[in-house]
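Work through the following exercises with the model in view, and try each task before reading its solution.

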Amino acid sequence: MAMIKYSPAVLLLLYMTAAMVGVVVAELQRFDHAVKSDGSLSFLVVGDWGRRGLYNQSNVAYQMGKVGEKTDVDFIISTGDNFYDSGLIDVDDPAFFESFSNVYTAPSLQKQWYSVLGNHDYRGNALAQLSPVLTQKDSRWFCLKSFMLHAGNTEFFFVDTTPFQDKYFTETKHTYDWRGVLPRPDYIANLLKEVDIALKESNAKWKIVVGHHTMFSAGDHGNTQELVDKLLPILKENEVNLYINGHDHCLQQISSPDSKLQFLTSGGGSKAWRGNTNPWNPNELKFYYDGQGFMNCEITYEKIQLAFYDIFGNELHKWSVSEYVHSSS
Ligand SMILES: *[C@@H]1O[C@H](CO)[C@@H](O)[C@H](O)[C@H]1NC(C)=O
């Protein structure tokens with residue numbers, strides 16, 4: 001297995017130490033994923049998907065398999081809302097097989113998946129999705145609330161964005177599994193500190209932050225103001241290259257007017273076609289597609305290359321950025 005993590009003994013020691021002194025260890029858990037022998041990396045991003053293959057989920061999965069084979073994909077990122085409508089009931093919920101294992105069956109997709117939770121996942125048993133029991137059932141599965149992943153020249157910072165959004169704490173229509181999140185102000189303050197520290201310590205060539213919720217979006221949900229206020233300044237200050245999210249059921253690229261950040265939505269894993277797009281400055285909105293699909297990303301030392309695909313395998317949009325290192329001699 002390509003993924004290396006802290007040994008259980010080390011983790012246990014960390015947790016025991018934290019419990020004894022009554023503080024949260026202000027460090028994101030860190031994982032490693034080996035890249036290709038030439039140092040390059042390719043991965044797919046899909047979000048908002050688990051509907052037992054329905055709403056074109058199976059067609060998205062099929063095309064992911066084809067693109068993944070072509071690009072020899074190293075891993076797959078899920079931007080959350082993994083299981084509709086209300087996450088998993090427990091680790092034995094058949095939805096895990098029906099919406100994940102039995103849908104993403106292509107040979108090229110038999111790789112490690114790195115997932116975060118979405119707001120719909122929090123409506124069920126949020127801790128079930130984080131359980132190693134699921135990884136025993138399907139070795140591809142890996143989901144934590146927040147963590148970081150080192151892969152060659154690139155570092156990924158996965159951020160648990162659901163607790164940021166105020167409305168989930170006031171609405172009465174749904175209940176959320178906030179175990180481990182309360183008291184909320186402490187949880188958010190700690191998480192922001194952990195992300196900031198991890199970004200500052202990173203000397204990766206490319207920095208990518210992944211969360212479920214939008215930062216900026218012309219789609220149905222629109223911007224997530226809480227993230228714009230609290231998380232965005234940290235991303236800007238630390239020169240993050242990409243913020244990748246789901247939540248809006250569409251495919252989208254928005255360029256920041258005042259930094260190198262690109263805001264990428266890949267939330268077209270199943271039900272889409274919401275039909276309400278908000279007007280956006282065309283200089284910033286590089287691409288918007290209201291239907292199903294996914295994103296492919298290929299990274300080398302010099303370049304990040306993105307492409308979005310629909311359920312027919314059409315490449316809808318392509319974008320790349322290059323940063324060359326100038327020799328000082
Ligand atoms: C499936 O995708 C096709 C082609 O994009 C679209 O016309 C159709 O409405 C989609 N079906 C659903 C249920 O979203």
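Two strands pair if DSSP finds at least two bridges between them, and strands (E, at least two residues) and helices (H or I, at least four) are DSSP runs numbered from the N terminus. The model is predicted, with local features requiring pLDDT of at least 70 and side-chain atom pairs pLDDT 80 or more, while totals for chains, interfaces and linings use all residues. Residues are numbered from 1 along each chain as its sequence is written.

**Exercise 1.** Determine how strands β7 and β8 run and how many bridges join them.

Solution. Begin with β7 (residues 206-211) and β8 (residues 242-245), which run parallel and are joined by 3 bridges. Then take V209, whose bridge partner in β8 is Y243.

**Exercise 2.** Identify the residues with the most contacts inside the largest nonpolar core.

Solution. Such a core is a set of buried Ala, Val, Leu, Ile, Met, Phe, Trp, Tyr and Cys residues joined through C-beta atoms within 7 Å, where buried means that 20 or more other C-beta atoms, placed from the backbone, lie within 10 Å of the residue's own. The largest core has 82 residues, and L44 and Y243 have the most contacts inside it. Strand β2 (residues 41-46) contributes the largest share, 5 residues.

Technical notes:
Buried ≥ 20, exposed ≤ 12 C-beta atoms within 10 Å, placed from the backbone.
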